[in-house]
Every structure is written in C-alpha cells, then in structure tokens.
Amino acid sequence: MRVTRRAVLVGAGAALATPMLRTSAAEALAKPLPATGEPVPAVGIGSWITFNVGDDPLLRAECRAVMAAFFEEGGGIVDSSPMYGSSQAVIGDALAKLGRPAGLFSADKVWTGAPDGPAQIAETTRHWGVERFDLLQVHNLIDWEANLDTLDAMKEAGRLRYTGVTTSHGRRHEELEEVMRRRPPDFVQLTYNIVDREVERRLLPLALEQGIAVICNRPFQRGRLPDRLAGRPLPGWAQEIEVSTWPQFLLKFIISHPAVTAAIPATRRVDHLRENKSAAFGPMPDAAMRRRMAEHVRSL
Amino acid sequence: MFWTFEDLLLFEPRVYWRLFALENEAAWPAQPVLLAAGVLLVVCLLRGWRPSARWLGPTLGAAWLWAGWQFVALRYGTVNWVAPTLAWGFYAESALVAGLGLSGRLTFAGRGRRARAGIGLLAAALVVWPLFAPLDGRSWREAEIFALAPDPTAAGTLALLALAPRNRWTALPCVAPALWLALSALTLVTMGAWQGWAVLAGLLAGLAAWAVPEEKPAGQT
C-alpha cells in the first residue's frame, strides 16, 4: 500500500501547523513510511567509520555493545554500505551474537556498476546474515538506473521490501532531484543537518510531494557540530522541547522536519547512542521553533 | 561541497593503532630478535663494516614481503579496501631489492657523510620508530617495528639505499618507500596524529640522504 500524496501532504501540513508535535513521554517518535504507512523509529544508526574496526575482537565487542543498546532503545534503521570497510561484517557479527534482536530495519547499499550489483548484494547479505533486506539503496547514484532495475526486480520477487537512492555531503542534488521526479524510489538518503540545509529548498518538499521517505546522514557533520557547540549553554527556550544536550537539540531539529523519516547518527559509544535515541522523545519543534534553532546555531 | 582526503578516511585513529597491537601479538617474539639484529647492524655499520648486498638485499626483500602481506594486505586491508592493492607495491619492492642484491647491481659499501646520514636514519627507523606509541601515550603493544610495520620498513630501506651508489638502479627501489611514506604521512596527518609529521620528516631525511653527492676517494680528482 502506498500512502497517497494527498494524505502525506495533509499530514505534513498538520505537522507544520501544529504548534508542537508531541510524542508521549514513554514512546519514541516513529514516522510512517509514505509507501506503506509502516512506522520507523526516527533515530536510527549509521556505520560509516565507527563500525569499521576490522577483525579486532576488542573493538568488535564495543560495537556490539552499541548495537545492543540500540535495540534496547527500540531499534530502527541500521545503515551500512560495501564502501564502509568491515562495517557490514561487524554489524552481521553483532546481530548474530545478540541473537537477531527484534526491531531491526536493515538498510544497506549497492556500490558498484549494475553488472556486478547482484554479486555485491549477495556478499552484503552474507555479511549481515539476514534473509532479506528491508531497504537497499543505490550508493551515491552509481549507475542508478540499472541498479534500480535490479532492486525493483528484487522487490517484485519479494526479496526486498524497499528501494532507495543515496547521496551525501550535499553533492549531486540535481541528479537526485531527477531520480525523485522521474523514477521515485521508496527512500532517498541525503545530508541534512542544522547547518547543511540546502535540501530544504527543493529536495525535502519534493520528497513530500512524491511520497518518498527521507533518511538524513551526517546529522552531526561527522562530530564537528557537537564539538563546535560543546561548552556553550543551550538557550533557555530549548526546555520547551525538553532538550538538555546539544546532540538532542541537533537531532530534534532534523527529525521534526515533516519530510524526514529518520536521522542516522553514527557512534561507537553507548552513552552517545542513548543520548541520540532520547532525542526521539518529548515534544518536537514546530516550524517557527526550527527556524529559531537554526538561527541560534548560526549566530554562535 | 568537495571531497577531501578526510572524507576518504574510512577508520578512526584508535582502529589504526590497534592494528599494530594485533600484529605484534601475532608476531611475538619476533620483535626483540628484530630489534637486536637491527641494533647490531647499526653498530657494525658505525664501526665501518659494510654488509654484502647478496644477503642484505634478499633480507630487505623478506621484510617488505612480510610487512606488505601480513600487515598491509591482511591487517590494514580489514579496514581499508585499498590496502590489498597497495600491498602489491610492497611485493614489487620486495622482488626488486632482492633481485638487485642478488644480481650485484646493489651494494651497501658507501662511506662518508652520505653513508653517515643513512646510518642515522636507519637507527631512527629501528629504534626511534617503536617509541612513537609510548610517546603518544599509547601502549608499547602498538609499537611499530622494522620488518613488521610498513613505515619503519620503508624509512629503513631509504636509509640503507643511502649506503648504495647513487645511480638509476638504486633510484628505482627508492620509489615504493617514498610513495608509501608520503601516503602514510598524509593519512596520519589527516587522522590528526603528530606521527604524520615524523613520517614526513623520515621521508625527507631519506630522500635528502640519498641525494647527497657521493664523496670521491682521497686523491681522486
């Protein structure tokens, strides 16, 4: 079932018009996928760099602890790519040792020319040890038309639930827009955070219009944003959205956008993981508050 | 937004340093043997003895083969998918120094200030490099040892080539160590590690030592 464009727009309009989108204190924000209405936790986890620890048993145990905490906090999207070194194998190892916990929304990518795509997907599946992926995305638009053919065929055959296309670092937005208009996948993944906001102009509205779920990578600009803000006091009005740390502030800004489905901050620390997950609780900022948040960070 | 070298860095510094701990654990007790042999070689060189390239060339080749295969391909390759390709440069260098040594095209008979500069750098590669880890506040287990870790192996090779005549045959084996040290320095500096500057200094010292003109024997005009 694909949720209609009208329903999504009405929902988005309601979210924008509502003074404050409130989740219950005990329930984390989960957003419905436009394609099916399936709710997905608004804070997932990325694996770029942090989970690329090779065969090191000590560091793998640390990653496993982060994954365990992620599932204790409700799980959600776990995102990786063949480009991320050993991250896929580390995730697969953690999933096996954690006894395949409930709450996993498995997301990976195809990062090669289309002729090699199926073999790479088979290798990725082997690393994760999953029967099928929830989401497979074309990494950085590589050979995107032909790779989407492969993913669509897998979805048609019931071997994949959702398809997607990714970009990062604000690159190739015109090409991504073309994909979203001409051949809309179920998901797009792009860079969006409180300072990298170019996608607000065209891509996020287009995602709403086309009924495409949005995953936001680099929510902390690879840790630069929390580092930059560390030591500065949060504004008093941040209490209105029940924010007590800068990472929560940064994540609430992202996941409260009506077009955004989830943010995927990467971390290797359990305390950071729990802090990130806590951003999905409590009231979310409305459009006016979001503008205020962005202006405040820009002024610092 | 443009790609930077930092965007291409796939791992965190702690992951990179832990690779040396794992390598040292697997190679133990080779480290004290290698260190003792290295110190003995430096002392002998300082006393004027010059080794035959027919055994030192293949020995150096074995060091490149081991560092390339065990560390670069098998260990570094677990966190950097480019590493197994880079290891081919180590295998080529291994074959080159071994072949040049066995063929007689390579000798380590140099004397004078060029050779002294080479011996100084060799001592640094053998003895100073392992100190980088504790100087950085890390464990001795992460020490980088000549013949096991690529950086001191490359720096030590440049050092030994400063004892060889300066010609095209001895220029050729300078290429792989120089390229590796340049890449390593860039990686470490991007990681925010001060060791990157030390590696760069090692590279420049090695190239400078090799470039020093050979002194003609006394009486020759």
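Me: Helix 4 of chain B passes helix 8 of chain B in a left-handed crossing. What makes a crossing left-handed?

Reply: A crossing is left-handed if the near helix is turned anticlockwise from the far one by less than a right angle, and right-handed if clockwise. Helices here are DSSP runs of H or I with at least four residues, strands are E runs of at least two, and both are numbered from the N terminus. This is a predicted model, in which local features need pLDDT of at least 70 and side-chain atom pairs count only at 80 or more, while totals for chains, interfaces and linings use all residues. Residues are numbered from 1 along each chain as its sequence is written, and chains are lettered from A and ligands numbered from 1 in written order.

Me: How do you know how helix 4 of chain B is oriented against helix 8 of chain B?

Reply: The axes of helix 4 (residues 53-75) and helix 8 (residues 150-161) of chain B come within 10 Å and cross at roughly 160°. Axes are lines fitted to C-alpha atoms, for helices over the stretch in contact, and angles run from 0 to 180 degrees between N-to-C directions. Under 35 degrees counts as roughly parallel, over 145 as roughly antiparallel, 65 to 115 as roughly perpendicular and the rest as oblique. Helix 4 of chain B is therefore roughly antiparallel to helix 8 of chain B.

Me: Which residues of helix 4 of chain B meet helix 8 of chain B?

Reply: Among them are Leu60(B), Trp64(B) and Phe71(B), and the partners in helix 8 of chain B include Pro150(B) and Leu160(B). Contact means C-beta atoms, placed from the backbone, within 7 Å.

Me: What makes chain B as compact as a globular protein of its length?

Reply: Chain B has 10 helices and zero strands. Its radius of gyration is 17 Å, close to the 17 Å of the globule rule for 221 residues, so chain B is as compact as a globular protein of that length. The radius is taken over C-alpha atoms, and the rule is 2.2 Å times the number of residues to the power 0.38. The C-alpha trace of chain B spans about 60 × 45 × 30 Å along its principal axes.

Me: Why does Phe187(A) count as buried?

Reply: Phe187(A) has 27 C-beta neighbours inside 10 Å, so it counts as buried. The cut-offs are 20 or more other C-beta atoms within 10 Å for buried, 12 or fewer for exposed, and partly exposed in between. Phe187(A) lies in strand 8 (residues 187-191) of chain A, and its contacts beyond four places in sequence include Leu135(A), Tyr162(A) and Ile212(A).

Me: How do you know that helix 3 of chain A is mostly covered?

Reply: Eight of the 11 residues of helix 3 (residues 87-97) of chain A are buried, including Val90(A), Ile91(A) and Leu95(A). The buried residues pack against helix 2 (57-72), strand 4 (76-79), strand 5 (104-110) and helix 4 (117-128) of chain A.

Me: How is helix 2 of chain A oriented against helix 10 of chain A?

Reply: Helix 2 and helix 10 (residues 270-278) of chain A pack at about 25°, with their axes 9 Å apart. That angle makes helix 2 of chain A roughly parallel to helix 10 of chain A. Residues making the contact include Val66(A) and Phe70(A) of helix 2 and Leu273(A) of helix 10 of chain A.

Technical notes: Two residues are in contact if their C-beta atoms, placed from the backbone, lie within 7 Å.
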